[in-house]
Amino acid sequence: MVIIGIREESKQRTRELILVKAQELLEENGFVKISSKDIAQKSNVSQGTIFLHFQTKENLLNSILSSNIESLEIELKSTCNPKDSLENFLKSYLDILIVYEGFLSRAYKDYS
């Protein structure tokens, strides 16, 4: 049973590595300009490994988008208090958007 746990942990680390490296490439080049080969090289895994975890490049992008949107939503809900003054609320809101600006603008360009 320990071997299965180690194998699953290794798979999860590989999946996370692919997500991180793919997001870096997406922010640099956009979805259209990167290939699964680029992602594999940056992640130091085979293309087959990418497809084993995500089946398609589109699924990989959707995983990255979902994760980022979920993180953005959590930050907005935890940081932006509607009971604050309008000025403080807007400042908090804009500060968070600035953090996600690169990713959001790239995603918008690729999905427009």
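Helices (H or I, at least four residues) and strands (E, at least two) are DSSP runs, numbered from the N terminus.

I noted the ground rules. This is a predicted model, where local features need pLDDT of at least 70, side-chain atom pairs count only at pLDDT 80 or more, and totals for chains, interfaces and linings use all residues. Residues are numbered from 1 along each chain as its sequence is written, and side-chain values use heavy atoms, with hydrogens and water left out.

Next I checked overall dimensions. Along the principal axes, the C-alpha atoms fill a box of roughly 55 × 40 × 20 Å. The radius of gyration is 17 Å, whereas a compact globule of 112 residues would have one near 13 Å. That radius is taken over C-alpha atoms, and the globule rule is 2.2 Å times the number of residues to the power 0.38.

I then looked up burial. Of the 112 residues, 27% count as buried. Buried means under 20% relative accessible area, exposed over 50%, partly exposed in between (1.4 Å probe, protein chains only).

I turned to helix H3, residues 47-54. Its buried residues are Ile50, His53 and Phe54. They lie on the same side of H3, because they cover an arc of only 80 degrees around the axis. The arc is that of the directions from the helix axis to the C-beta atoms. Just after H3, I found Gln55 with a positive phi of about 70 degrees.

Last, I checked Tyr93. Tyr93 sits in helix H5, residues 86-111. Tyr93 counts as partly exposed because its relative accessibility is 33%.
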